[in-house]
Every structure is written in C-alpha cells, then in structure tokens.
Amino acid sequence: MKKFFALLKVSVKSMLLSSTNSRGKSRKKAATGAGAILLIAFLGLYMSGLYSSMLMQVLSPLHMEVLVFVFMGMGALVGGLLFTAFAVKGVVFGGRDNDLLLSMPVSTTALMASRVAAIYLENLLFSLFVLAPAGAVCAFMTQSGVGHSLLFWVRLLIAVVALPLLDTALSVLLGALVAFLSARVSKGALGQNIIMGIYMAAVFWFAFNLNGMIEGLAANAAGVKESLSWAAPMLWMADGILGDWGKLLAFAACCIVPFALVVFGLGKVYRQAVTAFAARSARNDYKLSAQTASGQKKALLVKEARRFFGTPMYLWNAGIGLIMLVGIGVAAIVMQGKLDEFLAMMGGALPVMPIAAAVMGFCLCTCVIAAPSISLEGKYLWILREAPVGEQPLLWIKTGFELLLTVPCTILAGALLTVALRLSAGEGAVMLLAALLFSVIHAAFGVLMGLTFPKLDAVNETVVVKQSLAVTLGMFVPMAALGVCGLLYWLGGLIAPWVAAALPLALLAAFAAACVLILARKGPAMLRAL
Amino acid sequence: MLHIEHYSKTYPGGKKAVDDLSLHVRPGEIYGFIGHNGAGKTTTLRAVAGVMDFTEGTITIDGHDIKKDPVAAKKVTAFLPDNPDLYEFMKGIDYLNFIADLYDLPAEQRTKDIAKYGDAFELTGNLGSPIGSYSHGMRQKLALISAFIRRPKLLILDEPFVGLDPSASHLMKGYLAELCQGGSAVFFSTHVLEVAEKLCHQIAIIKDGRLVKCGPTEELVGDSSLEDVFLELEGEK
C-alpha cells in the first residue's frame, strides 16, 4: 500500500504540474494556473446550477425531483467520459516513464491503479461540479425539505465519489481498445479516428435523446422516468440520494465492481498490455521512388497537419469544435421549421443575430488547435531551431494552420445560419465579421498562450492537449471575451441598434489587432527563449 | 568554416557552463571536441548549431554570424544531437522530405541522396513506416541520413557513435571523410577517444567550461595516446 501511495503521489503531482508551464516557478504563473482552475470550476458549477434549477422548476411541482439527479448524473457520466476517454491511452498506457516504473519492484496492479487514480480524480471533479449544484438546488427549491438533512448530503457525497468509478472503468476500457488498435492496425491513427468518431457520434446521439427527454418532462415526467429503465443505476443513484439507502448501495456496487474488475483485471496483465500497445515494428517493404520538392512554408504547414490528423487525441479534442460549428449550421437548416416556430413564439424578443454569433464563438473556443502547438513541439523543438527558418514564419504557420481549419467552417456555418435564421444580408455580414475576427483572436491568442506557458517536458501529448495551462487559457479567455461582447451589445442597445453591433465588433477588432501585434513583435523572442 | 571567438555561456542562476572559448575549424577538417561529462561540450555544440542562445562572444559559420544572421548560417549547417528525437507521427520518408524542403533541396538531388544513404545504412525499406515504430538505432540512422542529404558545409555531431552498430559506425566514418574531402568540415564531440584519435585532424579538450588544449591530433598526442593526454589534463593520471 505504501508503494501504491508513492506512485499515486507521482501521478497526481504530474497531473497537477501539467497545468503549470515547464519553467513554472514564479508565483505569478502559479497564480494564473490556480485562476484558470477556479474559472473552470466556476463555469462547471454555474452551468450545472443553471440546468439543475431549470429542471427543478419543472419537476418540483410534479414531485419528480429524482429526475434532476438522474439527468445530472447522466450529464456527469457523459461529460466525464468525453473528457477522460481521450486521455487514457496517454496517461495509463503511454507514459514516457513506463520503462522506469515497470523496472521498479512494485506490483503492476499498484502501478496501473496509481495511473487510473489520476483519471478517477479528473472524473471526480466532473462529478462534484455537476452533482453538488444539483444538491444545492434540491435543498433550496423543493418543498419536501429533503435537501435540508445532513444525511442527504452524506448520500450525495457517496454518489459523487462512486459515480466517477464507473466513468473511469468505461474510459479505461475504451482507452485500452484505442491503444490496442493503434498498435495492431497498420494505419493506427485512422483506426483510432474511426473508433473515436463512432464514440463521439454515440455521445451526441445520447445527448440529443437526453435533450428530447428533458423537453417532454413537463408533459409526462412519470412516463419519462418509466422509459429510463435502461439506465437503472442512474435511477438507483437518484433514489438513493433522496433517501433510499438500499438503492444507493446497489448503485455504489454498480460503480465499484466494474472499476475493481478493470483495475485488477488489467492490472494483472498491465506489463503485457503496455508492451503490446507499444510494440510497433517497422515494415521493411518500402520502395523508394522519385521524390517531389516543395517550399519551406508548405512543409511546415503539412507537418502541422500531419500532427493534427495523425494524433487522434489532438484531433478529437481540438477538432470537436469544428464539427460542432458545421453541425450547428446544418442542424439550423434541417430544423428551420422548428426554429421559425420557436422564434415566432418568442415574438421577436430574442436578439437572434448576436446569439448566433455567440454560439459560433463558443464553438470556436473549443477549437484549441494553436494553443497546444508550441508545447507539442516539446522534445522535437531542436528540429525547428536547427532549421534555417526564422521564428516569425514558424509562429505564423501555427496561427495560420488553425485559421485554415476554422475560417472555412466559420464561413460555412455563418452562411447556413444566415439563411436558416432569415437574417438580413447586413446582419449576416456583421455576424460573419464578428466570428472571423474571433477566429483570428482565438488562433493568435492561443499561440501567445503557448509561448507564455509552454509545457515542453510533458510525459505525453495528452497532458499538453487536455490539461496544460496554455490550452485552458486559450479556451476560456476568449470565452470571457464573448461575455464582454454580450455586455457591450446590451449596453450599446441602450443607445442605438448600430451601436449595439459596433461596440462588440470594435472590441473584437482591437483584441485581434493586439494579439497579432504582440505575436509579431514579441513572439520570435519568446520562441527563442524557450 | 567555423570561428568561435570568446564564446561564453552562463545559465540562469549564474553557473558559467563555458568560459571564453575560442577555436577555429577549417574547411576539410574533422575537429574532435572532448571533455568529461558536464565540461560544456553539448552547450557549445548547441550554441554553434543555433539551437541555444549564448551570453558572450561570436560564432560564425561560413562567414555568417549565428546570432545576427541565423538563417543563412543554418542553411549551410547540419546538427545532430546526442539523442535525436524525431517526429514520431511522420514516416521516415516524410521526415527526410520535410528536412529537404526546409533546406530547399531539389527533388532530383534528394531522391539520389536518400537512395544513396538509405541503402548504405540499410534503412530504405523502413522509410515507409512511422518513426514511432523505429528502434533507437534506426532513428539515429535516419537523423544521420537527414544530415548527410543536406550536403552541409559544417556538420555538427554530439556523440554520434552512441546507439550505432559497428557497421553503421564504420559507414559513418567513411561518409564523414568523404564530406571533408568535398571541402566541408565536421565538428563533433565524443567520449570514444580511440575514434577521435584516428578520425580527427584537430582535437580540442575542454575542462570545466575552459579550453585546456587544442591543436593537430599528431601534435597533441605526440608519442603518447589521446587517452593518456586526456587523463593527464584532467588530472586523473
């Protein structure tokens, strides 16, 4: 057990350090890291609190509070899976310290468990951020007084601790499958991308179904509960939180047993698994033919593309926003009838154009392609430093690669949304201009964050893409800028409609110009100093 | 070809890794750079390659100052670190073409050179596989090929013999000699004193960041052996 805790300490420390930069000793940078974590916590708590209270408003009069916990539990499970499934291959099976730790006199089960524990802790945060606000909402918004007892919070705590065990077990199994395929299939990245594509499609299908169920709650909450028999453990959890200890124990067993099976089962064959997943022998059948030449810039751009499309974890984490961006545009066209009905129902009270622009901005925020690209150079940075290429072109290529992916998707989504929402040409142009400025901000600011908070010594790319400070700030600071734009729109609206549109555009233009200027003037020196 | 004048490197915190180093490598020369662990060899090589910034002095390669005109200096240089990490998401052939593109090598020349060095190092058949599947030795060979196809005027190698099998080491020595016959220069660090003694025209010995001796190999070694000279200078004999 002592050895397990020593290994766990290493795993947790590595995870915590992942949100600092490679040279992260200054208090200022540590404070920025803590600020980023607090921002995520705030957003998680806020969103969960918002959804929980909306659901509770509908369900409390029907005495179906239990469904709030069912849906929030499902949300935590899916969110956790989405967040950690991509990380397992790197964190559990692909650490650069595998050789070192496997050579130590510790059991492979303890080693595997210590790494799985890092995944569990991430899922635990998800569970906490989603279920705790639901508990608070239950305490304040129900008349039954169920949320006022200490035992309610004890039961909620048990659920918060148990749920991530199930999440972790499922993530580890999926991660093992991905690692196995990437080692066995000749086009490993393609195989992984297909698996991840199927997985993401399933998650989205589940999320849309969940949304449909929530929509039908007011009309038939009891029927919805009946139809959830396939998700019995979630119902047990919800009933358990509200007072049924037996069901709570059954739910806990449903989480603990798969987790134990995965940890002890895979732990016994961990050495074999790590060896098998790492064993990729080079083929010896290549026939050299005439090669073609291209320029420096194209070569660097193609290298970025190869890394992005050849690293499934990077592609599916940073590229999901692109799918969402196009998906929203297509969905708006497909469901134009429903949108018309909804907008007519609102009687023109909704500021449609700014909301659409904000949604596009939100999708762009999740396209964190440029922010991790500096840290991903990591041990390979010597290749670029040795090459006869100036620092500035390197930075523009990294910024440009993100723009190459986001700009076409933004234009397509903007055009589709303009048509679907029946916006005027002027409104459409303003929306598109705002979204394009925002995409420039996101890319340039991302590279700047990568230069300011580099993580060049990460044990694997998962740490960089999912947990690094550069990625966190590259995602959430532009998101905060969106909020400021919303505020400016509202304030401008008090003066005149054109001011409402002009103020956010001016802010975005100034932010974009500042990012580009700083990148041009300070970026090369920052890159040299890494 | 390479002029290092009063080069010093101080790390943050005040530790002086290299102190007032000056040496010249002429075209056609193989220049060996030896010293104990932490003497400042890698720090010097990395500064020469333009990979690392330095505090004092000047380094010029083929007339180009590595600080003032780094792109021109790097254009005629190839650098191989002691443990070359290469892009694992690329295939071997993609990596060679990537490097060739960065150095603007014509298609015909690169095809010819990749075939020449790939066949010699017995790596051509593996070039279609991802670098992630390569062994350490194969990566070392690929990095070497990527250096040779550039036809550099100055080849900088940090411990090039580590990880290579005997036949690859033998081949590499031959290619280094061939490169020098063409007017290029080689500047490399090594702990294998026998190789340095046989291969190098000039040798420099560095201790605690300071150059303690340099000159033509025959003069430096005299009737003794490089090992004896080295140990004597290090105060271990």
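Analyst: A polar contact is a pair of N or O atoms within 3.5 Å; within protein, one atom must be able to donate a hydrogen and the other to accept it. The model is predicted, and across the interface of chain A and chain B the rule finds 14 residue pairs in polar contact, both residues being at pLDDT 80 or more. The elements giving two or more residues to the side of chain A that touches chain B are α12 (296–310) and α18 (381–386) of chain A. Of these, α12(A) gives the most, with six residues. By class, that side of chain A has 14 nonpolar, nine polar and 10 charged residues.

User: What makes R150(B) and E386(A) a salt bridge?

Analyst: The criterion is a side-chain nitrogen of Lys or Arg within 4 Å of a carboxyl oxygen of Asp or Glu. The side chains of R150(B) and E386(A) meet at 2.5 Å, N to O; the distance is within 4 Å, and therefore the pair is called a salt bridge. The rule finds three salt bridges across the interface of chain A and chain B.

User: How many residues of each chain are in contact, and what area is buried between chain A and chain B?

Analyst: In chain A, 33 residues are in contact with 44 residues of chain B. The buried area is about 3,500 Å², of which carbon and sulfur atoms give 60%. In chain A, W382(A), E386(A) and P388(A) lose the most area to chain B, together 21% of what that side buries.

User: Why is F152(A) called buried?

Analyst: Buried means under 20% relative accessible area. F152(A) has a relative accessible area of 0%, and is therefore called buried. The place of F152(A) is in helix α6 of chain A.

User: How do you know that R155(A) has no salt bridge, and what does its side chain reach?

Analyst: R155(A), in helix α6 (residues 150–184) of chain A, is buried. The nearest side chain of opposite charge, that of D244(A), is 8.7 Å away. A salt bridge needs the nitrogen and the carboxyl oxygen within 4 Å, so R155(A) has none. The side chain of R155(A) does reach the backbone oxygen of I241(A) at 3.0 Å. Not counting residues up to four places away in sequence, R155(A) touches G240(A), I241(A), L242(A), G243(A), W245(A) and L248(A).

Note on methods
Residues are numbered from 1 along each chain as its sequence is written. Chains are lettered from A and ligands numbered from 1 in the order in which they are written. This is a predicted model: local features need pLDDT of at least 70, side-chain atom pairs count only at pLDDT 80 or more; totals for chains, interfaces and linings use all residues. Side-chain values use heavy atoms; hydrogens and water are left out. Contact means heavy atoms within 4.5 Å. Buried area is the accessible area (1.4 Å probe) that two parts lose on being put together, summed over both. Helices (H or I, at least four residues) and strands (E, at least two) are DSSP runs, numbered from the N terminus. Ala, Val, Leu, Ile, Met, Phe, Trp, Tyr, Cys and Pro count as nonpolar, Asp, Glu, Lys and Arg as charged, and the others, Gly among them, as polar. Buried means under 20% relative accessible area, exposed over 50%, partly exposed in between (1.4 Å probe, protein chains only). Lys and Arg count as positive and Asp and Glu as negative; His and the chain ends are not counted.
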